[in-house]
Amino acid sequence: MVDRFLGFASHCGLIVILCLLAGVIGLFLAIAFVCPRIPAAGEVDLWQFHLDNRRKYLAPALAAFFIATVISLCYDDVQNMPNQNLQAAIFACMIIAGLAAFFSSNATVQRLAAMAYFAGGVLFFVVGDPVLVST
C-alpha cells in the first residue's frame, strides 16, 4: 500500500496529493454543514434551511469540484489517462450548476441546479470514469 502511494506521489507530485487532500476535506465540510440542528419543537423546514445555509455547504463542494477539474486536467497532461478532458468538462458543468444554486435563491433555479448536478454525477459514472469504462 505504501509503495503504491509513493509511486503515485512520484508520478503526480506533491501538488496533486495536496489537492486530493483538500478535496476530501472540502467534502467533509460540505457534509458537516448539511446537518441541520433540530429545534426543541422537533420540526425542521428543510427548504428554509437550504435557502439559509446553501452557501455554507455549496462552497466546499464547489471547491472540491474545482480541485477535481484541476486534477483531471493534470492526469490528462501528465499520465495521458483516457477521458480526463471529458471528466473536466463534466465537473465544469457541475460547477456552473452549483454556482447558480449558490447565487440564486429562486426555487426554479435551485431545482434546475439540483437536476443538473445530479445528471452530471450520473454522466460522470456512465461515461467519464475511466475505471468504469471498459476498453
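## Helix H4

Leu-123 is partly exposed, its relative accessible area being 42%; buried stands for under 20%, exposed for over 50%, and partly exposed for the range in between, with a 1.4 Å probe and protein chains only. This leucine belongs to helix H4. The C-alpha atom of Leu-123 lies 7.5 Å from that of Ile-90, although 33 residues separate the two along the chain.

Ala-116 is a further residue of helix H4. With a relative accessible area of 39%, Ala-116 is likewise partly exposed. Between the C-alpha atoms of Ala-116 and Ile-96 the distance is 9.1 Å, for a sequence separation of 20 residues.

## Basis of the model

The model is predicted, so that local features require pLDDT of at least 70 and side-chain atom pairs count only at pLDDT 80 or more, whereas totals for chains, interfaces and linings use all residues. Residue numbers start from 1 along each chain as its sequence is written, and side-chain values rest on heavy atoms, with hydrogens and water left out.

## Overall architecture

The protein contains 4 helices and 0 strands, and its elements follow the order α-α-α-α from the N terminus. Helices (H or I, at least four residues) and strands (E, at least two) are DSSP runs, numbered from the N terminus. Among the contacts with a separation of 6 or more, 62% join residues 24 or more positions apart; a contact means heavy atoms within 4.5 Å.

The protein has 135 residues, of which 33% are buried. Its accessible surface amounts to about 8900 Å², and carbon and sulfur atoms account for 72% of that area. These areas come from the Shrake-Rupley method with a 1.4 Å probe; for residues, only the protein chains shown count as cover.

Apart from residues up to four places away in sequence, Phe-65 touches Phe-91, Met-94, Ile-95 and Tyr-117.

Ser-72 is located in helix H2 and is buried, with a relative accessible area of 2%. Beyond its neighbours within four places in sequence, Ser-72 is in contact with Gln-84, Gln-87, Ala-88 and Phe-91.

Phe-49 is also part of helix H2, and its relative accessible area of 18% places it in the buried class. Leaving out residues up to four places away in sequence, Phe-49 touches Phe-33, Val-34, Cys-35, Pro-36, Arg-54 and Tyr-57. Its C-alpha atom is 9.7 Å from that of Arg-37, which is 12 residues away along the chain.

A nonpolar surface patch consists of Leu-14, Leu-18, Leu-21, Ile-25, Phe-28, Leu-29 and Phe-33, whose accessible area together is about 690 Å². Patch residues have over 30% relative accessible area and no salt bridge; like charges are joined within 9 Å, nonpolar side chains (Val, Leu, Ile, Met, Phe, Trp, Tyr) within 5 Å. A salt bridge is a side-chain nitrogen of Lys or Arg within 4 Å of a carboxyl oxygen of Asp or Glu.

Leu-18, one of the patch residues, occurs in helix H1 (residues 2-34). Leu-18 is partly exposed, with a relative accessible area of 46%.
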